[in-house]
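Please walk through this structure with me, one site at a time.

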Amino acid sequence: MRAGLGVTGAPCYPHTPIRSEVNPMRKSFLLVLLFACAVGALAQQTTPASHFDGNSWWAHVKFLADDSLEGRNTGSEGLRKAEAYAVEQVQKAGLEPAGVNGFYQPVRLNQFQVDESKSSLALVSKGKTEPLSFADDAFPSSRATRSTVHLEAPMVFVGYGLKIPEKNLDELAGLDLHGKVAVYLAGSPADIPAALASHYQTAEERWKALRAAGAIGAVAILNPASMDIPWSRISVNRDQPSMDLEGSEFNETPGLQLGVTFNPASAEKLFAGSGHTFAELAELGKARKPLPRFPLAVTLKANATIQKTPVESANIVAKLPGSDATRKDEFVVLSAHIDHLGVGAPINGDSIYNGAMDDGSGSALVLDMAANLKAHPAETKRSILFVLVTAEEKGLLGSKYFAAHPTVPPKSIVADINVDMFLPIVPLKILTIQGIDESDLGRRAAAIAESMGIKPIADPEPLRNRFIRSDQYSFIKKGVPAVKVDVGFELGTPEQKIFKDWLTDRYHAPSDDVHQPVDLGTAAGYEEFTRRLLLDTANAADRPEWRKDSFFRRYTASN
Ligand SMILES: [Zn+2]
């Protein structure tokens with residue numbers, strides 16, 4: 001999963017409970033009336049056992065997350081080895097090549113790296129210059145700074161920096177940002193529904209508004225209430241290069257000269273002399289209250305030297321042809337990202353970011369599913385497209401490229417089921433379905449979970465923006481209904497702490513490796529769920545649609 005810098009995570013929105021609990025006393029009373037349910041329950045008991053045992057899945061994870069693959073960084077030899085292995089596996093499973101060069105779809109990228117020895121950041125106030133430390137205070141983000149820049153500019157605090165017409169919110173109204181740097185606190189006000197908040201907090205949307213208001217740069221203060229990763233770990237990997245797709249059609253932040261990531265623990269420095277303190281703003285941000293907007297008393301002096309290098313990578317695309325004369329020309333996509341972060345700063349003496357769960361787990365599932373559908377064939381009226389994308393960790397780039405230039409006709413893609421870091425680390429009782437209420441596909445996923453005795457829930461932490469933080473979002477933006485399903489938990493349970501600890505300790509850290517505890521039974525159950533969802537979607541009479549009231553339906557119009 002892509003790191004969620006600059007998003008807020010306070011779990012404030014209620015989720016929709018899907019299964020209402022029946023009081024046990026009333027239950028017996030209702031038995032006769034609930035004959036249909038009883039039949040359902042019987043059917044559930046006689047459901048054939050899982051097609052999976054977790055072992056073949058784990059064998060793929062072990063290969064992909066082995067130290068010899070060096071964390072599968074985009075453009076690296078390790079990723080090429082992983083992809084060669086994946087091609088071998090899908091060939092063995094009898095899938096047909098559906099890329100451009102056989103199974104491969106080449107993807108051209110550029111890498112951007114800040115040369116810190118030739119870069120500096122400082123705050124200037126009344127002729128006095130205070131240098132900022134890259135390690136402790138703030139650093140130029142290579143994701144947002146695409147060419148060498150030297151600037152000195154006034155700064156304006158713009159609250160969350162959002163303009164959301166649907167909610168009549170315009171935090172930039174009345175502010176003079178021409179030639180200035182906008183400083184914002186990552187997050188959104190509480191009265192903005194999760195999907196809208198996610199959408200407008202993407203780099204592309206936020207920058208659109210800031211640019212229209214005249215800004216030339218942006219400083220993101222991370223929101224202490226919602227940081228997945230502590231500053232120390234963010235900072236230690238700040239020299240990791242960023243990437244983007246080659247070609248101006250893919251530039252989401254034209255005109256952005258400089259992007260800076262700011263440590264909230266150092267943020268008081270920005271507000272000196274402004275009449276406000278960061279402590280006061282962070283308190284408001286924690287409660288997701290509206291924020292004041294005002295000019296800052298300090299100006300920003302930045303020298304960022306950027307090195308740009310071309311990078312070659314590839315997606316892998318394989319096809320299981322459908323059996324129906326017409327529907328075989330439609331495709332259900334099963335996707336996962338095969339790249340991870342590569343080699344980085346050592347943590348506890350380990351510098352290989354193996355990415356066993358992120359997303360070795362999803363890639364392994366795709367390979368295991370291919371083999372499983374060969375070993376246990378089932379009717380598939382539509383075709384299934386197995387897509388292993390590159391450069392997810394660099395900003396969903398491989399999937400973005402595939403969605404813009406699919407190797408099958410764009411309109412023929414009926415759904416994307418994306419598997420990324422599904423975390424089989426607790427017994428399988430709950431599945432979190434991102435997109436549950438958005439489309440027929442979400443509803444179908446919920447129904448299948450229920451039929452397996454698993455409770456489907458909406459994301460209990462919608463403000464972590466996870467629905468737009470993995471590859472399904474590339475398909476969503478092209479109008480394709482999508483879901484991402486994860487092993488889940490409910491708020492306030494011991495499981496919540498297990499997941500929280502996992503994020504803190506292992507997410508995007510070298511300890512996301514094969515030496516962590518994993519529940520193979522849960523992995524097998526998750527695979528079975530995915531198999532049923534795939535087959536069900538491939539065989540359904542109608543292709544899935546976004547629901548009429550879904551926020552994401554807007555993308556179908558423009559594609
Ligand atoms: Zn990730």
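Glu70 is partly exposed, because its relative accessible area is 44%, a value between the 20% and 50% cut-offs. The model is a predicted one. Glu70 sits in the loop between α3 and α4 (77–92). Its backbone is worth a look. Phi of Glu70 is near 50°, which is positive although the residue is not glycine.

Asn348 is another residue other than glycine with a positive phi, again near 50°. Its place is in the loop between β16 and β17. Is Asn348 buried or exposed, and why? Its relative accessible area is 81%, so Asn348 counts as exposed. The cut-off for that class is over 50%.

Strand β16 (residues 342–347) and strand β17 (residues 350–353) run antiparallel and are joined by three bridges. Ile347 faces Asp350 in β17 across the pairing. Together β16 and β17 make a hairpin, with two residues between them. Asn348 is in that turn.

The peptide bond between Asp358 and Asp359 is cis, with omega at about -15°. Asp359 belongs to helix α10 (residues 356–375).

Now turn to strand β12 (residues 258–262). How many of its five residues are buried? Five of the five are, so β12 is largely enclosed by the rest of the structure. Leu258, Val260 and Phe262 point one way from β12. Gly259 and Thr261 point the other way. Residues on both sides are buried.

Which strands pair with β12? Strand β5 (residues 138–140) pairs with β12 in the antiparallel sense, over three bridges. There, Ala138 stands opposite Phe262. Strand β10 (residues 217–221) pairs with β12 in the parallel sense, over five bridges. In that pairing, Ala220 has Thr261 as its bridge partner.

Ala304 lies in strand β13 (residues 294–304). The C-alpha atoms of Ala304 and Leu258 are 8.1 Å apart, while the two residues are 46 residues apart along the chain. Ala304 is buried, because its relative accessible area is 0%.

The aromatic rings come next. Across the whole structure there are 16 aromatic pairs. Take Trp57 and Phe422. Their ring centres are 5.8 Å apart and their planes meet at 50°, so this pair is tilted. The pair links distant parts of the chain. Trp57 is in helix α3 (residues 55–64), and Phe422 is in the loop between β19 and β20 (430–434), 365 residues apart. Trp57 has 0% relative accessibility, so it counts as buried. Phe422 also counts as buried, because its relative accessibility is 0%.

A second pair has another geometry. The ring centres of Phe467 and Phe552 are 5.0 Å apart, with planes at 80°, so the pair is edge-to-face. This pair, too, links distant parts of the chain. Phe467 lies in the loop between β21 (455–457) and α13 (472–476). Phe552 lies in the loop between α15 and α16 (554–557), 85 residues away. Phe467 and Phe552 are both buried.

Arg146 lies over the face of Phe112, 4.5 Å from the ring centre.

Trp57 and Phe422 belong to a cluster linked by ring pairs, together with Trp58, Tyr526 and Phe529.

Rolling a probe the size of a water molecule over the atoms shows where empty space is left. How many cavities of 30 Å³ or more does this model contain? The count is two. Which element gives the most? It is α15, with four residues. By class, the lining holds six nonpolar residues, two polar ones and no charged ones.

Note on methods. Residues numbered from 1 in each chain as written. Predicted model: local features only at pLDDT ≥ 70, side-chain atom pairs only at ≥ 80, totals over all residues. Heavy atoms only, no water. 1 Å grid on protein atoms, 1.4 Å probe; cavity = no way out; pocket = protein on both sides within 12 Å on 5 of 7 lines; lining within 4 Å. Points joined across faces, edges and corners; volume = space filled by probe spheres on them. Nonpolar A, V, L, I, M, F, W, Y, C, P; charged D, E, K, R; others polar. Phe/Tyr/Trp six-rings, centres within 6.5 Å; stacked < 30°, edge-to-face > 60°. Buried < 20%, exposed > 50% of the residue type's maximum accessible area, 1.4 Å probe, protein only. Lys NZ or Arg CZ within 6 Å of the ring centre and 35° of its normal. Pairing = 2+ DSSP bridges.
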